[in-house]
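This report considers charged pairs, nonpolar surface and overall makeup in one protein model. The sequence and structure are shown first.

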Amino acid sequence: MDELLIARLLDRNNRETHLSELFQDNSGAIGGNTIHHDDALLKTLTVLQQELKSKEQEIRKLREVIGLKNKNAERLNDELISGTIENNVLQQKLFDLKQEHSKLVARWLKKAEKETEVMNSAINEENDIFR
């Protein structure tokens, strides 16, 4: 994109050079006669110069917009990378918590099973005593 802009600017500069050569003051160029520009040519020149200035301003504004959009794209890319990293960290944490949860449930079930066995054996002993 920048190369295209540079090529266009160079082309514009070449055209401007050729235009300035066309409108140079050639007083006394032909046998001492003064060649005067006619009003229509002066108006055309003025209009073209104003258009050139407006196009140069437009180019400056577009370059600023391009720079701003590039900064925004970089910021969004950084946010995307940050979000991806955060997602990876949270996924790992979720995995670890699920493993810990499974271990805790298994331990609780073993404990509950032991307590049940203890209670059953106590009940069986009491039943044996009363018989």
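## Aspartate 11 and its partner

The side chain of aspartate 11 forms a salt bridge with that of arginine 15, at 3.3 Å from N to O. Arginine 15 has a relative accessible area of 55% and is exposed, because the exposed class begins over 50%.

Both residues belong to helix H1, which covers residues 2-22. Aspartate 11 and arginine 15 are four residues apart, or about one turn of the helix. Side chains of opposite charge can pair when their charged atoms come close.

## A salt bridge between the helices

Which residue meets the side chain of arginine 12 in a salt bridge? The partner is glutamate 56, with an N to O distance of 3.5 Å. Arginine 12 lies in helix H1 and glutamate 56 in helix H2 (residues 39-130), so this pair ties together parts that are 44 residues apart in sequence. Glutamate 56 counts as partly exposed, at 25% relative accessibility.

## Nonpolar residues

On the surface, Ile81, Ile85 and Val89 form a nonpolar patch. Together these residues have about 280 Å² of accessible area. Isoleucine 85, one of the patch residues, lies in helix H2.

Leucine 48 is another residue of helix H2. With a relative accessible area of 34%, leucine 48 is partly exposed. In sequence, leucine 48 is 29 residues from leucine 19, and the C-alpha atoms of the two are 9.7 Å apart in space.

## The protein as a whole

The protein has two helices and zero strands. How many of its 131 residues, as a percentage, count as buried? The share is 1%. The protein exposes about 12100 Å², of which carbon and sulfur atoms supply 56%.

## Confidence of the prediction

The average pLDDT of the protein is 87, and 87% of the residues score at least 70. Over residues 28-34, pLDDT stays under 50. For residues 28-34 the model has five contacts beyond four places in sequence.

How values were computed
Residues numbered from 1 in each chain as written. Predicted model: local features only at pLDDT ≥ 70, side-chain atom pairs only at ≥ 80, totals over all residues. Heavy atoms only, no water. Buried < 20%, exposed > 50% of the residue type's maximum accessible area, 1.4 Å probe, protein only. Areas by Shrake-Rupley, 256 points an atom, 1.4 Å probe, with all protein chains shown as cover. pLDDT = per-residue confidence, 0-100. Contact = heavy atoms within 4.5 Å. Salt bridge = Lys/Arg side-chain N within 4 Å of Asp/Glu carboxyl O. Patch = residues over 30% accessible without salt bridge, like charges linked within 9 Å, V, L, I, M, F, W, Y side chains within 5 Å.
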